[in-house]
Amino acid sequence: MTASFLAPFLEHRRWFGGKGRAFTVTGTRELLRLGSAPEVVVLLVEVTYDDDGDRELYQVPLALYDEPQERLEHAYVGHWPADDEAGRPAYDAPSDRAATAHLLHAFGERPGFVRLPGHDLDLDAPGSLFSGEQSNSSILFGEDSVLKLFRKVTPGENPDITTHRVLTEAGSTHVAQLYGWIEVEDLQLGMLQQFLRTASDGWDLALASVRDLFAEADLHAEEVGGDFASEAARLGTALAEVHAQLAESFPTSSIAGTDLATAMGNRLTAALEVVPELAEYASSAQRVFAAVAELREVPVQRVHGDLHLGQTLRTVLGWKLVDFEGEPAKPLAERVLPDSPWRDVAGMLRSFDYAPHAVAESMPEEDPDVLHQRSVRADEWARRNRKAFLAAYLGGQPLWPAARALLTAYVVDKAVYECIYEARNRPTWLPIPLAGVARLTAGSD
Ligand SMILES: Nc1ncnc2c1ncn2[C@@H]1O[C@H](COP(=O)(O)OP(=O)(O)O)[C@@H](O)[C@H]1O
Ligand SMILES: O=P(O)(O)O[C@H]1O[C@H](CO)[C@@H](O[C@H]2O[C@H](CO)[C@@H](O)[C@H](O)[C@H]2O)[C@H](O)[C@H]1O
């Protein structure tokens, strides 16, 4: 059964991965029905792209009412079932508190709503949808728990759930504790975890620190009150601890340096199609990757996969890492593969480069002296925080040559990925990673 309202609904969602591509809704299937007034129906929607025939599955939970609901007008999706005269008004379930209550209650009773021991879940906490740009839909229940409903779903293991589970069971203090998950057939649809009540977003904290520095034209990064270096260092320590735990709990192996270098080279070639401006730096980037090809074996393990400041939360009890789903654009089969921990380190180093340049981008300025001063301070902030983060990650050890070659290559690889990401999502920010690629390939970073 397909429904004509689903395609327009999907294409306007932040979490829909096919924005800008022509697609057809080629199937819908009901996965779950829960509760009454409203009845929650969880649909699995299959999308097929017109250009290459690729298919994706999306989770669309609907709240069905007998009568139209004025209070939910903003969340109206269509009538369901669509080809039935008895179709009922259907609303986006995560946006409806009455519908999210059914989802939470299901954790008390329903097979497929799995709970881990150790937390006395508040089943009556009121739900509210997290605002903001997200790849999935997260519902906060009181001050107790957060339910993340995965929007794009793939059969098999969801690494966000498995990684959180392993770290929770190992007693890690660097993640929100996993309380449970939802699975239907071979699909993992949602993850229930601890709400980090005192959390501040790492990206927002970094931007505040940069603004502080820019406001003090004559002071250096270490002289302003909002200096971030000690937080950057704490983040480095937290990541090292998470990596150590993941290496202990998941299988480790190694890959040949030549294979890794080839993969990075191929990603660069593909990126040139999307961002032709990269061509100027391509041969220098290939030289950076060639150094990795010299390494016989590169140790790999479970990692975060898409780490940046926006995936870190500072709580009163220290830093937490969130969202272990890996790069959203990659197929799931690739995202669960072991990778080098240097990928995560590189993601953070790039983020320390982004923060000052994103602030500068948001402060239009024509005076060349002010611009110059800002650019010097931006580089200084980025260098200082990268250094503090890396030193803490290494726990005082110097960076050995193989690690340096790998880290440099991963940083370039990440900046190339970011060029594609910005070209597709935020073209005015493309200069940020592009300038990063220029500096990195010139060896001046
Ligand atoms: N356990 C939590 N407690 C409080 N806030 C959280 C928690 N997990 C995530 N967040 C906030 O929600 C945002 C989105 O979470 P994330 O896991 O990155 O979702 P998505 O996969 O939709 O991008 C994060 O940037 C963070 O600010
Ligand atoms: O958080 P997501 O998993 O959706 O990751 C994607 O979006 C990120 C932006 O929201 C993007 O990150 C890039 O921009 C950040 C600032 O907004 C910056 O801190 C990161 O260093 C930079 O990579 C991420 O790459 C993308 O996968």
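Mentor: Let us begin with serine 340, which, apart from its neighbours within four places in sequence, is in contact (heavy atoms within 4.5 Å) with Val298, Pro299, Val300, Val303 and Tyr410. The model is a predicted one, in which local features need pLDDT of at least 70, side-chain atom pairs count only at pLDDT 80 or more, and totals for chains, interfaces and linings use all residues, while side-chain values use heavy atoms, with hydrogens and water left out. Residues are numbered from 1 along each chain as its sequence is written, chains are lettered from A, and ligands are numbered from 1 in the order in which they are written.

Serine 340 is located in the loop that joins helix H8 (332–335) to H9; helices (H or I, at least four residues) and strands (E, at least two) are DSSP runs, numbered from the N terminus. Its relative accessibility is 1%, so serine 340 counts as buried. Buried means under 20% relative accessible area, exposed over 50%, and partly exposed in between, with a 1.4 Å probe and protein chains only.

Helix H9 (342–361) and helix H11 (401–425) each contribute at least two residues to the shell around ligand 2, and H11 gives the most, with four residues. There are 14 residues around this ligand, and those that come nearest are Asp306, Ser351, Tyr417, Glu418 and Arg426; a residue is near a molecule or strand if one of its heavy atoms lies within 4 Å of it. By class, the shell of ligand 2 comprises six nonpolar, four polar and four charged residues. In this scheme Ala, Val, Leu, Ile, Met, Phe, Trp, Tyr, Cys and Pro count as nonpolar, Asp, Glu, Lys and Arg as charged, and the others, Gly among them, as polar.

Several polar pairs can be listed for ligand 2. A polar contact is a pair of N or O atoms within 3.5 Å; within protein, one must be able to donate a hydrogen and the other to accept it, and residues adjacent in sequence count only if both atoms are side-chain atoms. An oxygen atom of ligand 2 lies 2.5 Å from a polar side-chain atom of tyrosine 417. For tyrosine 421, the separation between a polar side-chain atom and a ligand 2 oxygen is 3.0 Å, and for an N or O atom in the side chain of glutamine 311 it is 3.4 Å. Ligand 2 taken alone exposes 530 Å², of which the protein buries 90%; accessible areas come from the Shrake-Rupley method with a 1.4 Å probe, and for residues only the protein chains shown count as cover.

H9 and H11 also take part in the cover of helix H12. Eight of the eleven residues of H12 (residues 431–441) are buried, so this helix is largely enclosed by the rest of the structure. The buried residues include Ile432, Leu434, Val437 and Arg439. Their cover includes helix H7 (279–293), H9 and H11. Just after H12, glycine 443 adopts a positive phi of about 75°.

Of the 16 residues around it, Asn136, Lys148, Gln194, Leu196 and Asp323 come nearest. Its shell draws at least three residues from each of domain 2 (99–194) and domain 3 (200–442), domain bounds coming from an automatic or database domain assignment. That shell holds six nonpolar, seven polar and three charged residues. A ligand 1 oxygen is 2.8 Å from an N or O atom in the side chain of asparagine 136, and a nitrogen atom of ligand 1 is 2.8 Å from a polar backbone atom of glutamine 194. A further ligand oxygen pair involves the side chain of aspartate 323, with an N or O atom at 3.1 Å. Taken alone, ligand 1 exposes 550 Å², and the protein buries 87% of that.

Lastly, consider serine 138, in strand S8 (residues 137–141). At 8% relative accessibility it counts as buried. Beyond its neighbours within four places in sequence, serine 138 is in contact with Ser128, Leu129, Phe130, Val146, Leu147 and Lys148. Lys148 is also one of the residues that come nearest to ligand 1.
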